[in-house]
Amino acid sequence: MEAKLQAIGQEHVLQGLTDAQKPALFAQLVELDTQIPGGLEQYVATAKELLKNSFDGKTAFEGFKPSVPIGDKLPLASKEFAEMEALGMSVISKAAFVLVA
């Protein structure tokens, strides 16, 4: 795995790790390599392309205009708010949240 990291220019992730810490990281990277389409090589290549595009001012959202979705405004502490919150809480375990850095 160390050779693979060097081949894709990511050997810096090993900096500061002791030899005892490396096997745990390598195990995670091996697992990720099998789960990501194209493996770690493609992941890094895509990341570099996205960063270059961002630096060049290119965006995948060119031409799109943000808009506020249609929805309801629920008064806080109303019966309707409580019903919708209960409904949301019953399915939140099936939701995913992504924080974009």
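In helix 2, four residues are buried, namely Lys22, Phe26, Leu29 and Asp33; buried here means under 20% relative accessible area, exposed means over 50%, and partly exposed is what lies in between (1.4 Å probe, protein chains only). These residues sit on the same side of helix 2 because they cover an arc of only 65° around the axis, the arc being that of the directions from the helix axis to the C-beta atoms. An α-helix has 3.6 residues a turn, so residues three or four places apart point the same way. All of this comes from a predicted model, in which local features need pLDDT of at least 70 and side-chain atom pairs count only at pLDDT 80 or more, while totals for chains, interfaces and linings use all residues. Residues are numbered from 1 along each chain as its sequence is written, and side-chain values use heavy atoms, with hydrogens and water left out.

Helix 2 itself runs over residues 22-35, 14 residues in total. Helices (H or I, at least four residues) and strands (E, at least two) are DSSP runs, numbered from the N terminus. From first C-alpha to last, helix 2 reaches 20 Å, close to the 20 Å expected at 1.5 Å a residue; that expected span is 1.5 Å times one less than the number of residues. The cover over its buried residues includes helix 1 (2-7) and helix 3 (39-55). Turned away from the buried side is a face that carries the exposed residues Gln28, Thr34 and Gln35. Val30 also belongs to helix 2, and it counts as partly exposed because its relative accessibility is 44%. Between Val30 and Gln42 there are 14 Å in space, C-alpha to C-alpha, and the two are 12 residues apart in sequence.

Next come the charged pairs. The whole structure holds 6 salt bridges, a salt bridge being a side-chain nitrogen of Lys or Arg within 4 Å of a carboxyl oxygen of Asp or Glu. One of them joins Glu41 to Lys4, with the closest N and O atoms 3.4 Å apart. That pair links distant parts of the chain, since Glu41 lies in helix 3 and Lys4 in helix 1, 37 residues apart. Both ends are partly exposed: Glu41 has a relative accessible area of 36%, and Lys4 is at 23%.

Lys22 counts as buried at 15% relative accessibility, whereas Asp19 is exposed at 62%. Glu2 joins these two residues in a network of salt bridges. A further bridge brings the side chains of Asp56 and Lys52 together at 2.6 Å, N to O. Here Asp56 is partly exposed, at 38%, and Lys52 is exposed, at 51%.

Gln10, in the loop between helix 1 and helix 2, is buried because its relative accessible area is 19%. Leaving aside residues up to four places away in sequence, Gln10 touches Leu5, Val44 and Lys48, where contact means heavy atoms within 4.5 Å. Ile92 is in the segment after helix 4 (79-91) and counts as partly exposed at 38% relative accessibility.
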